[in-house]
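Open the model in your viewer and keep the sequence beside it. The tour starts with the whole chain and then stops at single residues.

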Amino acid sequence: MKKGLFISIEGGEGTGKTTMVELLTKRFRTEGIEVVNTREPGGIKTAEAIRNNIFEFDLDEKTDLLLYLAARREHLLHKIYPALESGKMVISDRFYLSTLAYQGYASNIDIEVVKMLNSFVCDKWLPDLNILIDLEPEIGLGRKGDDVNRFDLKGLNFHKKVYQGYKEMAKDPTYNIKIVDGRLSINELENQMYNIIQNFM
Ligand code: TMP
């Protein structure tokens, strides 16, 4: 039986997800809540090793998909699931919606295949809540400066498809997505996200 709360922070490049995961983790911890913060791809040694491969090599889109999912399976089984089972709050910098947005909506792979494989890997362990930081890719990519990976370099068109994909999914209540405005200040963004999580709890 799952007892904890599973939250994923989603969005395109340069939306401030990583900063928000850090700030929210600190805030909930000061309130005495046990929080496990993590990221995808990665979060544990094996999945971080897969992450390094994804970023180091210029791989085929289907290979990318399978690696993201392999990393997710290990991450889920060995970090997320045990934390939830012991009643902790898990805040992840990306999770399964990232695969739907990047590999499903923005790549050339049949989205139904992506959905099916994603569900296969997650079983029923989906986030209780996804918070999407809504920011146009033109602004997000501009914020990244020199700290770029091979996905940042895929071009604006690709990132626009990612963005549209997220927006499309946000309309579907089954994905359980709350949207926050990525143009807000760090402080305002943190407060809004904190309130969303509080209300959900
Ligand atoms: P980030 O850690 O800076 O967000 O970089 C992760 C990159 O991996 C980002 O470009 C999004 C991409 N990604 C996918 O394409 N599919 C996925 O399933 C996940 C988790 C990430």
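Select the whole chain. With 201 residues, a compact globule would have a radius of gyration near 17 Å; this chain has 16 Å, so the two agree. That radius is taken over C-alpha atoms, and the globule rule is 2.2 Å times the number of residues to the power 0.38.

A word on what you are viewing. This is a predicted model, in which local features need pLDDT of at least 70, side-chain atom pairs count only at pLDDT 80 or more, and totals for chains, interfaces and linings use all residues. Residues are numbered from 1 along each chain as its sequence is written, and side-chain values use heavy atoms, with hydrogens and water left out.

Stay with the whole chain. Its C-alpha atoms fill a box of roughly 45 × 35 × 30 Å along the principal axes.

Switch to cartoon view. You will find 8 helices and 5 strands. Helices (H or I, at least four residues) and strands (E, at least two) are DSSP runs, numbered from the N terminus. Trace them from the N terminus: β-α-β-α-α-β-α-α-β-α-α-β-α.

Now show the contacts (heavy atoms within 4.5 Å). Of those between residues at least 6 apart in sequence, 79% join residues at least 24 apart.

Buried residues make up 47% of the 201. Buried means under 20% relative accessible area, exposed over 50%, and partly exposed in between (1.4 Å probe, protein chains only).

Next come the single residues. Most residues other than glycine have a negative phi, and most peptide bonds are trans. Keep that in mind at each stop.

Select Glu40 and Pro41. A cis peptide bond joins them, with omega about -10°. Pro41 sits in the loop between strand 2 (35–39) and helix 2 (45–56).

Move on to Arg94. You are in the loop between strand 3 (89–93) and helix 4 (96–105). Phi of Arg94 is positive, near 80°. Is Arg94 buried or exposed? Arg94 is buried, at 11% relative accessible area.

Finish at Asp123. Look in the loop between helix 5 (111–122) and strand 4 (129–134). Phi of Asp123 is also positive, near 50°. Asp123 is partly exposed, with a relative accessible area of 43%.
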